[in-house]
Amino acid sequence: MSDHFCLYGPPFTLNGEEYFSDNNVGFQVAFSSSEDQKLVLAYQWYLNGTLIINEKGASLVGKIYCGNHTVGVRVLSSEGWSGVKSRSFYTCKVPTGLELYGPDTINEGDSATYQVLRRFSDGTVEDLTAQYIFTITGDASFNGNVLTTIKDDSSFGDKVLNILGTTVSGDTIAKDIVVKNTTLFKSAVLVVDLFNDTSLNVIGLIDNPEVTVNHQAVYTGNNFLPASVVAENAYMLASDLMNGATWRFEFNLARLMTEYPGTTDFVFHIKGRSALDQGLNGAFSVKTKKAKMVMTGNASSYVPSVTGGGTVGYNSFSSYSVAGANGSYNEADLFAIIRFNYHVQTDTLTYTIPPRIYLSNPIIEQTQKNNCGAGFIGSNVLYTLPVGAFTSTISQADADAQARSFYDGNKQQYANDHGTCELKPNYHFKSSTNGSYPVTMTTDYSSGDCAMKVAFYATMNNQSVIIDHTDGTTNLMPWGANTRMFKVPATGVYRVKARLVGNIVCNSVGGDADHQQTISFLFTRTGGAETNLIAPGQNSAGDFSAAEFCLPGQYVISKGMTVPIDINFSMDFNMVANEEANFRTRINLFTYFNQQQGAKETNTTNFNFSLLELEIEKL
């Protein structure tokens, strides 16, 4: 296809490169058809406007010195000479690249000029800007080749925009630029301190789903998040125990706002547990503008701090900590202490204290499996509901009521699922009761000692049941000192089991009395001496007879204290048919009265039990 029609002769095109890497060049005359080419009688070639005498063919090949040149050609036909067709070209010069030239970064609200430049191997540059129309995505616009960005005071992050240059023929060139945010956020670091509790297992975390480290906690031993960064680049920092009773958390507001410019509110939580259910005090402040987080100390003594910036307020708060600290830093094991919300646009920090949470007390009881077949008896299964299985924001009683309802609704199924079925003995009897028995002791000071030791044996009101060779369950009934408790139906070996569940409460009545207390289970057979029933592997109290069974791990209680007990006994007896046996539980109180000379000391102790169970079976 020709460039244009000639004045005379057939139409033709002058073909060749525009740029040659060295001084070797080549050009050709092309026709629309071979028939047109046959019409040509002669060719004339021109270089820089001068006729080349010896070049008379349809092509020009040769060496031309380096530089900018023009080549031309015309053809002769029967109609005469055509006009001269020409084109410019370069020797020793090739394009090395096309560049959209201008700054890679620009501050929001500023302007910058952009050009399209073609660069060559000889170091020269050709400006092609006039051939392009410029457009851009985002908050900016072009006037010709001058770019102006928009200042956005509601944003705190940099933006990446794309510049596109397009020619009339559709050729394009593109460039990404960064529009730098110039809005100075007012707040940079949130600092939170907790006081007056050395036993805290406490964590800090970010509660924004769009933040990559959300719900990844910082705490003692895990002081940096991420762990590999320097302090000023961390999202959060946590202290080890500071100044004997202080914990500190720092949240990097500046980094969060820079990396998440679309977030309007950042939410932070402090969660934990303490050794006790008690009040907790704290304080927080915000560091502004150029503040940076730093960390001093070493592992086990890390202390976060802040350099630079100002301080906006110092606010104190009061919260509480739930009991149960056990070294766990899992979020699911911990309870909310305080929640912060930072609103970016208004630079406002607010906080909320969660409602007080009550943890249900543990429940530990035995339940007998009751789905065994005929001729078998189910075992007793210990079912435990741990502390905090249920919570309440209403009261302790509400939490305990939830736990009790769940426990009672599930304990039988648990016993049936986990218990065993044993061959039912020839004779089996089980009974239970409960009650509360106050014991009051009084002593007068009568010697030179500053303390007086008083031994007191308190026997519970006699409880009994009469068994008339039957098999079943009967409640214990009142009885006299010599009334038979049970009568076995046949001669043989009988296993007697007993369990006592309850507590001893030392009431805050009277003077300052400390009690060393023990409990013994005593069996009496008609006409015989008391038989001491002591749990295997336990030692006797020492000060009393071998009948004394010591409360494991708890010997002394003071006024207002409570000692829980859960004791199981088992002993085998050889008995003959119709022989009677009595069962009696006795509390042995071994009391020290701390008193002044001539003072009269009185103290009341309650023995409360939720279960006194007796079980007898023939082996």
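All views show a predicted model, in which local features need pLDDT of at least 70, side-chain atom pairs count only at pLDDT 80 or more, and totals for chains, interfaces and linings use all residues. Residues are numbered from 1 along each chain as its sequence is written, and side-chain values use heavy atoms, with hydrogens and water left out.

View 1. Ser319 belongs to strand S28, residues 311-321; strands (E, at least two residues) and helices (H or I, at least four) are DSSP runs numbered from the N terminus. Ser319 counts as buried because its relative accessibility is 9%, where buried means under 20% relative accessible area, exposed over 50% and partly exposed in between, with a 1.4 Å probe and protein chains only. Leaving aside residues up to four places away in sequence, Ser319 touches Gly279, Leu280, Ile337 and Ile353, contact being heavy atoms within 4.5 Å.

**View 2. Thr198 in the loop between strands S19 and S20.** Thr198 is placed between strand S19 (187-195) and strand S20 (201-206). Thr198 counts as partly exposed because its relative accessibility is 46%. With residues up to four places away in sequence not counted, Thr198 touches Leu241, Gly244, Ala245 and Trp247. The C-alpha atoms of Thr198 and Ser274 are separated by 8.3 Å, although these residues are 76 residues apart along the chain.

**View 3. The open sheet S9-S12-S13.** Three strands, in the order S9-S12-S13, form an open sheet with antiparallel pairing; two strands pair if DSSP finds at least two bridges between them. Strand S9 (95-101) and strand S13 (125-127) are the edge strands, each pairing on one side only. From one strand to the next, the twist averages 25°, with axes fitted as lines to C-alpha atoms and angles running from 0 to 180 degrees between N-to-C directions. Strand S12 (residues 115-120) is joined to S13 by three bridges, and Arg118 stands opposite Glu126 in S13.

**View 4. The bend and buried residues of helix H3.** Helix H3 (residues 396-418) bends by about 40° at Asn410; the bend is the angle between axes fitted to the seven residues ending at a residue and the seven starting there. Ala399, Ala403, Tyr407, Ala415 and Asn416 are buried in H3. The buried residues of H3 pack against strands S31 (358-359), S32 (363-368), S34 (380-385) and S35 (391-392).
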